[in-house]
Amino acid sequence: MGDYRIDELAHAAGSTVRNIRAYQDRGLLPPPRLEGRVGIYDDSHLARLRLIGKLLGRGYTAAIIKDLLGAWETGKDVGEVLGLEKVLTDPWSDELPGVVTLDELVARFGAGLPADDVARLLDRARDLGLIEPDGEHYRVPSPRLLHVGAELVAAGIPLDAVLDIAARIRADCAVIAGRFVTLVEEHVFTRLADGENPSGEEVSELAAVVHRMRPLVRMVVDPFIARAMETRVEASLGDRLELIRDHLRTPAEG
């Protein structure tokens with residue numbers, strides 16, 4: 001295991017010395033071992049520090065993080081704890097980010113638009129997290145979403161309307177994700193917050209539940225979306241499709 005002074009730990013974790021001391025004061029990060037007057041940290045501190053940063057970035061409060069971490073600290077196998085931390089912090093998609101240039105974005109989404117409109121639309125896409133400025137390029141967290149947007153624009157849908165629906169769908173997905181997480185918190189995580197020390201078996205079970213949620217979320221969402229689309233398409237476009245069929249069945253007059 002690596003040894004780190006506090007400034008080295010901060011650099012390795014992408015954090016700051018000030019944050020590390022604040023996490024220690026709040027009981028989120030265990031104290032270092034002392035060699036004389038120098039505090040020495042190890043890889044377990046690094047893993048914990050990275051976890052804290054990711055959980056904070058995902059909206060967990062320091063109090064909730066403290067409850068979770070405190071429940072895991074006593075009598076837990078390091079492998080079990082790190083396994084649970086990995087499940088909680090691993091990405092939920094195997095999609096790899098992409099990179100595009102400004103010229104490529106304009107060609108796909110804003111050809112012929114005034115410069116002011118291009119700048120405004122870029123700001124909207126950035127605010128939605130669809131693109132991220134990265135030097136002279138733009139990082140694309142989800143190339144699939146960018147492809148869907150390009151297909152909709154190519155079909156004749158204005159980019160503003162595409163971004164509007166993207167914002168609504170993102171909000172809807174946040175609600176769905178919140179419901180799944182709440183379900184697990186209420187029926188599984190409560191075992192870690194009821195004042196009892198969970199056993200290694202319970203910690204492993206929690207990691208397994210979170211891991212199983214990954215495919216389950218898609219398995220639940222996909223059929224609901226498919227059925228909803230069938231109903232909406234039939235209700236909204238059924239009459240128009242019937243008119244088209246009638247027109248095709250009617251012989252053209254000479």
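Predicted model: local features only at pLDDT ≥ 70, side-chain atom pairs only at ≥ 80, totals over all residues.
User: Which residues of α6 and α8 meet?

Analyst: On the α6 side they are L105, R108 and F109, and on the α8 side they are L146, H147, G149, A150 and V153.

User: In what order do the strands of the open sheet stand, and with what pairing?

Analyst: The three strands are arranged as β3-β5-β4, and the pairing is antiparallel. β3 (98-100) and β4 (132-134) each have a single partner strand and stand at the edges, so one side of each is left without a neighbour in the sheet. From one strand to the next, the twist averages 35°.

User: How many bridges join β4 and β5?

Analyst: β4 and β5, the latter covering residues 137-140, pair in the antiparallel sense over three bridges, and P133 stands opposite Y138 in β5. α6 packs on this sheet and touches β3 and β5, its direction making about 85° with that of β3. β3 and β5 also pair in the antiparallel sense over three bridges, with G98 opposite V140 in β5. In the hairpin of β4 and β5 there are two residues between the strands, and G135 takes a positive phi near 65°.

User: Which residues of β5 lie on its covered face, and which on its uncovered one?

Analyst: The general idea is that in a regular strand the side chains alternate between the two faces of the sheet. In β5, the covered face holds Y138 and V140, whereas H137 and R139 belong to the uncovered face.

User: Which residues of the largest nonpolar core touch the most other members?

Analyst: As background, nonpolar side chains tend to be buried together in soluble globular proteins. In this model the largest nonpolar core has 17 residues, among which L105, F109 and L159 touch the most other members. At least two residues of this core come from each of α6, α7 (115-127), β5, α8 and α9 (159-187), and the largest share, four residues, is supplied by α7. If neighbours within four places in sequence are left aside, F109 is in contact with L146, G149, A150, V153 and L159. There is also a second, separate core of 16 residues, including Y4, L28, L46 and I65.

User: What does the secondary structure of the protein chain come to?

Analyst: The protein chain comes to ten helices and five strands, and buried residues make up 27% of its 254 residues. Among its contacts between residues at least 6 apart in sequence, 66% join residues at least 24 apart.

Note on methods
Residues numbered from 1 in each chain as written. Heavy atoms only, no water. Contact = heavy atoms within 4.5 Å. Pairing = 2+ DSSP bridges. Axes fitted to C-alpha atoms, helices over the stretch in contact; angles between N-to-C directions. Core = buried A, V, L, I, M, F, W, Y, C linked by side-chain atoms within 4.5 Å. Buried < 20%, exposed > 50% of the residue type's maximum accessible area, 1.4 Å probe, protein only.
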